[in-house]
Structure formats: C-alpha cells, structure tokens
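Let's walk through this one together, starting with the whole chain and then zooming in on a few spots. Keep the viewer open as you read.

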Amino acid sequence: MLLGKQEHFLSYNGEVLIFQLSKPKHVEGAADKTMNLCVRRMSFNRDTKLFVQKSSGLFSMRASHLKIEIICCSCATDSRTGIILPCILMKKKKRNSVFRYLLLLLHSSNQFEQSFYFKLDYELKEDIRLFTGPSVLWRHANKLFYISSDTCTILSAPVQLSSVVWTGEIADEGTVVLGTGTACLPESEDEDEFSTSDRAIWGSEFFGYAVKTQKMLTGTCFMPHAYSRVVSSVYVCKNEISKKQLRISLVAITHKNQLIWFQDGLPKGVCELPYEKPCSVITAVTSSSDLLFIVSFASGNICVVQRRDSLQVASKWQKVKSVLVDDFTGSGSEQLLLLLKDDSNTEVLSTFILTDLGEVNYASGINYKHDVPAAEGLQENGLLTVQALETRLQAGCTSVRELQQHLRLKKKVILESCRALIDLVEERTHILPTAKEVKCRGEYRSLLNSAEPFEGLVSLWDDVENPPHSLSKETSLASKVPEHFIEKLWQRVVGDSLVVGVELTASFYLSLSDVSLSLVMDQDFSLISPIIKCRNKIIKLNKAFSALSVSSCQIEPPPKKMKLDLHSKNDLKKEFPKRCSQVQLDGAKTVIAVTSLSPLLAFHRVCCIVLLHAKKQKRHNDSLQESKNITVLCGKILLSLEDISNEKYSVKMLRDNSYCTGSMEDILAVLAVSVRFSFQIVSSGCTLTPVNSWLLGEMECTPFKECHDSIFCHKAGNVYGTVFNWTLKNPFEGVLTLFCRNLTVLFQCLHSLSRVLPPSCDVKLLRSGSKSILTEQLALALEKEILILRSSFFSKESKAENSLTWGNEPGKKISDVPVASLLDSEEGVQQFRKKLQNEREESVLSMNQTMNGALYQEIALKIAEAQLSSDMIVWRLS
C-alpha cells in the first residue's frame, strides 16, 4: 500500500471529511512503529467557490509488524447520545492470518474515540455495512454476522443469503437487512400463491431480517421475487406504517443495466442506464424539490436519473473518483459533489464539480473572483428584503393589537347591553356609565390609538338629567305589556338538548315569523355573554288533535333574497291561513326554544330568564292592523346537575293499555328536537294495509292518548323516540310523516319500511303539504296577484285624475257652450280659442300623469307580496 495515496471521503453536515493514513516523520527509535490516521474538514467558500480546510485531527496507532488499512467509513447513530457521528472501520493484519478490526468514532472536536474491536480468522470482503449503534455487519460463507458497541460480541443471524442489497431503518422494526437467498418453499398452503410460484420458478427469494427483534419480514413488500436474481443494490426512499400495513417506496439497480422504481412491492417505472456494471445508488433532493437518483458504476462513471413523469437520465460524468451528497453551499437543499480523477494534481479536492442540475453549478479551475461584487450585492438585497419583512411584521402586529382592543370594546358593549336588557324586562332602572373627560367619539378614537385596554363604557348620548323622550316611552311601553296571554312555561331535557316552551293563549294575534324566545342567564358573568344561543320552533296542535304541525320560521325559496315588511299588509295572511308563517287561531300555540345542554351544566347550577319577542296585532273589523314590537318576561327556569341526575325534566313516554302516556309537554319536546319528513306513498297494484301493520308490529308504535293519529315508536335502538303520522287518502295512497332525531334514524326507518311495501309502490318526498292543497293555494295566489295588479292600476288612475286641475272652471268644457254663439263675434272667437288652448294643455297633462313616492311604494309593496306568495307555493310544489 502506498501511504498518502489511500483516501476516503465522507460528507457530514455540509462538510467534506478526508481520511488518510500516513507515517509520522522519521524519528530515531520510533521508525515503523506507529501509523497516523489523519482527518481534514473541508468546507465550501461561497466567495472563492473553492473548498478550504476548516480544521484537522489525528489518531495514532501502533503499527509494528502490522499492515493497516481503511476498510470503509460512513455515518451512523451513536446509541448512547442519539447523535449521528462519522464512523471509520480499520483493519490490522497480524501474523498467522489473524485479522483485527477496529471501529472509530469522530467527534466534532476532531477527537477520535475507539468504539470496539474484534478479531477474525478471515478477511472481510463481502457486503460490509455500518449502521446504528454503531454496529458492523458483513456476509461470509452465505451467512450474516454483526457486532455492535453494546454487546461487543459477534452474533450470527439464522438466515442463509447470497447477497445483501440494502441495510437501513424501517418503521416499527429498527435496522433491517434486505437480502436474497435460496428459496425455501412452504409445506403448508397458507402462503400467498403467487409468491410461492415466483420462488419456485426463480429458485431464490427476497427477505428482510430485523436485527434487533430477530424477526423475518416478507420480501414481497419490497419487490417481487422475480427480481431476486437481477437486483444488485437497493435504496429505500420512504417507508411508513399506514392502516397497520408497511408501505415502502424504493429504487433498485440491476445487472441488466436498469434502474427500476418500486411502490408497495410493484414496479412503477424503469430506465435504461448509459453504462455497464452499476454498483450502488443514492438519492438527493435539490432546490427545485426534484428527487435525483445517483448511480455509480464500477468503471468510475456516474449518471443522474430524474423522476418526474417518467424515469429519465438527466446527466452523466466519467472518471469520477467519488460522489457525495449534502448541502455544501448552505442553501437548505442538497447538491452533488463529484470528485474527479486527476493524476497531474495531487492536491485533495483540487478537481471537482458541485451541482444540483439547476441553479448551483460550480467547477474547479474557474476564477470566480469577478462574482464577488455580485455576491455582495445579493447580500445587500437580502438585507433590504429582511428589513422590509420586519417592517411588515411590525405593522401586522400593530393591526392585531388594534383589532384585539376593538374586540374587547365590542364585548364590553354587548355585556352592558345584556345587563340593560335584563334590567328593562325586570323593571329595574339601569344606570349607564357616564362620560368623564371626553365625549364618546373622542374616547373611542383614543381607544384605538392606545395600547392600554379600555376600562369603562360611556353613554352614546350627552349626559343630561332627563333621558330622551323616545327611550322613556319605550321603557314604559314594555313595562305595561299585559302578561295574561302567557298560558304556561315549561322545560324538558331530551338527550343533550334543553327544551323550553311557552304556551300562548288565543287572545292575541301573533305572526309566527316574528315570534321568538330568548334565554338570558341571570348570573353576572364578566367573561362570557349571558345570552344563550338557541334555535326557535313554533308547534301548533289543532283542537281535534288530528294532526301535528311544526314550523321553525317563514319558508322562502332559496333564490329569493328580498325581505319584505309585512307589518301592515295582512290580506295574504287572511287568504292563506295554512301557511307556516301564520298561527291557527282556533288551536293551542306553543313557542319553543332548543339549546345545547352540556355548556349550561358546566356551571353546575344556572338560572335563565325566558323572554318572548313578538309583534302584537289588534283585530279591527275582521282585519289585522299594524303590529307593535313587544318583549315580555315569561319567567325563570332553574337547571342543575342534581335535577338532571334525578331525571326531573326527562321525557317519560310509557305504554298504558296500548296508548302512549306522554304529556303534551313531552310530546312537544320530542317534536322540537326532531326533524320532520313527509313521504307520499302510492301503490297501484295493492292496498297499503302493510304500512299500519308495520307501524304497530315491527316498529312497536303506540298512539298518543291526546292525538290518536300520531304514534310513538318504542322499539329499542336508534329509532326509539321517533314519532309517526300515517294518513290514508284512499286504500292506495297515503302520506307518512316522520319526526326523527337525525338522518341516520330516517334511513333506518325507510330501510325497514321498504321490506314490507309492495315492489310497485312509489315513495316521494314532500316538501310541505299535499299536492292538491298546494295546487288550490297556488290558484288562489295567482288570482289574488291579478286582483292586486288591477286594483293598483285603477287606484292609480283615480288618484291621478283627482290630482289634475281642469282650467279656471273645473268640470266645464267647450262642448257645454254652443259653438255657433261663440263664433258670431270677435270676442267670442277669442274666448273659443282660449278655451281650446286650455283643453289642449290639459290633454297633454293627462297623457303625462305622475305619481308621488308614497303611492308608488304602496303599489309596489302589494305587488311584491303577491308575487312572493305565489313563487313560494310554486317552489313547494316543485
């Protein structure tokens, strides 16, 4: 061995480590007894575009009658610290064919550490690998051996293999060795049929061996066994456990000069290599996020394959001494460092190519000094960019602080408004905060410009002793609202929902589109809003209890965006009393609020004020007059964990003599938390008697005592609590209405119903109401629309005629005076001419009639109301 000529290169943290063996300088009495292992750390200088020495280290070994060599070097994880360190495997040949192997670790201080050593009576030549521990693995006589720093004992794996193609880490398995060996066909038939046939045909198989757990892995998750005879080296790019299955992406090179991409054990792409005898493959991820495969050949050639739409050779080089992959330029992505063979220059790293096949392209022997000013300019531009980004960041932080202050102010205003609302309905005097030094507008502006939080709120009006007349009038009006139309206040708990109901009397005319309930916590919370978010429903039961009707709000077609004020326009409401926005006056009305129960139970015990918001309407001469907004205190409800545990407010639906004994409040609570679906069932071939049998039999339904047509499902499971209403129009047609908790329950009910219905049945979802009733309503709506258009036109004509002035003598025209008598004299002719001119001007005025704004607004509103009603019915029919 020629000392000084043997060099090993290793990339580590963006640096190039160069390991060399050398003899120390001649010293008398010390000749040929020691050998030095030198390391030089080289880093890339971006200014000069050259590699310069950063530091160096030295390790001395006794070499008396020994021959020392560097076998291999690699980076491996030190199990003591978890840090990846450079590892160097050294060989010392003794007499009597005994070989001593030494594994060294290199620390960041350039100090070498002897990890362990071992002796063999044979020389390591085949498939030598360094891996985590650090550990050394090799193959000898078709057997696998390994030794680690933890045990310092040579262990043998219970496998027979002819080659090792990869060693690395696999998820949940640790270090895994992938190799090929002679196929061992199973005697049982439990193995995969295709895997067994592959092994039988090719006589060899892939297998993986987990070093730590001594577990055998199926080789087909890497590659099919058919490739076991041709693959020479493998690089696993990605491995992960997905849905308890190992998923692997890898690239392999073959003796047929091919590079093949495998995904989950199946080939996904192939590329022909430009040179023969490929020996190894590694990967690199460049700045453009391209995955490059670097293939090394025995002849010293290198080629790079890109994987985009397909595998293609991107570049190739010849006479390459070594190839390294790392971030040498410090750009955050990897580059390729090609060390070229150059016999004329003995200096290390004197001839190289540094590239990522993109923006980075440097080569030795080129003077880059003229690029230094450009680099300085680039650095200056980078500094300016950072300063601009810092300015934007500071501006963003300032905006965030201002937004937070604004939100805090809004929260204080909302809380103060809630307190004022509670005081208003409980007839207490609410004291508003007073302004101290500045007016409200200046105070608010100073709030946005200051960094300190705002501690107080001020009135939006000037500080005067007497409040505005309108405010005091509204307060007195709200306090004088009669409360005798509130029949009953109740509450129920259904699942995770709290249901609060207010039963109304029939003494007031209320538009259901303008009736709602509010729940306000009576406690004084400073950090949360006392208003409880809830959804409102209005449920009506007629006197005969023959049907149930549920309405949550005014139904409106999706394309309609117009919101009309119907306060004083009630003609349509009298014409269509069955619309969901109108309460039947001959039945009991209940307004219900539904809210989530669990947030309230976080307070253990909570008291809520129930407020009713409605429009009070007076009846005069069989017509509804303009309504007024009212807010009524309905009462308070108490809720605690103890009451919930004792099922004080739970719904009780029991069977008693084939009837359901639930109270009216229980029925309304179940309907309130349910969703209504109506289906029209038509059977052309046979009667629909199986539906009733299905309800009473399989679904275990019993009718309510108060409402025999509506039945309650007692069947165990998800469908429990579903309410059904089955109405037969004739033996072959009926309407089934379901009130269920969610769509899952609906699908379960329909699936069960489909098994008992005749195959010829037609089931159609109804949006609202039956088709015949909606058709009749549409006819009435269109007739009403025509009548409104005609009446509006004639009212316009009459009002326009009344607004005109017909000359100095109203009502008198030229035809009233004999024409012959006017033409007898000159004065008569002048009078006739004057009257004729007046009539001409009045005729022009009558042809250009105008209308004032109030009249036009009234006509347009009537027409819009009529069109909205007819459009809505058409949408419900579609």
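What follows goes from overall numbers to cores, helices and single residues.

A bit of bookkeeping: this is a predicted model, where local features need pLDDT of at least 70 and side-chain atom pairs count only at pLDDT 80 or more, while totals for chains, interfaces and linings use all residues. Residues are numbered from 1 along each chain as its sequence is written, and side-chain values use heavy atoms, with hydrogens and water left out.

The chain has 14 helices and 45 strands; these are DSSP runs numbered from the N terminus, H or I of at least four residues for helices and E of at least two for strands. Of its 878 residues, 40% count as buried, where buried means under 20% relative accessible area, exposed over 50%, and partly exposed in between (1.4 Å probe, protein chains only). The exposed surface comes to about 49600 Å², with carbon and sulfur atoms supplying 52% of it; the areas come from the Shrake-Rupley method with a 1.4 Å probe, and for residues only the protein chains shown count as cover. Taking contacts (heavy atoms within 4.5 Å) with a separation of 6 or more, 56% are between residues 24 or more positions apart.

Now for the cores. A nonpolar core here is a set of buried Ala, Val, Leu, Ile, Met, Phe, Trp, Tyr and Cys residues joined through side-chain atoms within 4.5 Å. The largest one has 38 residues, and F19, L37, I88, M90, F112 and W138 touch the most other members. Strand β7 (residues 99-106) gives this core its largest share, 7 residues. Another core lies apart from it, with 28 residues that include I486, V591, A614 and L639. Back at F19, the residues it touches include L37, C38, I88, L106 and F112, not counting those up to four places away in sequence. C38 itself is partly exposed, at 21% relative accessible area.

In α8 (residues 664-672), 8 of the 9 residues are buried, so the helix is largely enclosed by the rest of the structure. Those buried residues include E665 and D666 as well as I667 and L668. In helix α9 (residues 689-696), V691, W694 and L695 are buried. They cover an arc of only 95 degrees around the axis (taken from the directions from the helix axis to the C-beta atoms), which puts them on the same side of α9. T689 and S693, on the other side of α9, are exposed. The cover over the buried residues of α9 includes β43 (723-730), β44 (733-740) and α10 (743-754).

What about the loop between β40 (675-682) and α9? S683 sits there, and it counts as buried at 2% relative accessibility. A polar atom of its side chain lies 2.6 Å from the backbone oxygen of C686. Beyond four places in sequence, S683 touches L688, F732, P758, S760 and C761.

Within strand β40 you'll find F679, which is buried with a relative accessible area of 8%. Its contacts, leaving aside neighbours within four places in sequence, include L736, L738, L746, L750 and L765. F679 and D762 are 83 residues apart in sequence, yet their C-alpha atoms are 9.8 Å apart in space.

Finally, how many disulfides does the structure hold? The count is 0, using a cut-off of cysteine sulfur atoms within 2.5 Å.

Key. A polar contact is a pair of N or O atoms within 3.5 Å; within protein, one must be able to donate a hydrogen and the other to accept it, and residues adjacent in sequence count only if both atoms are side-chain atoms.
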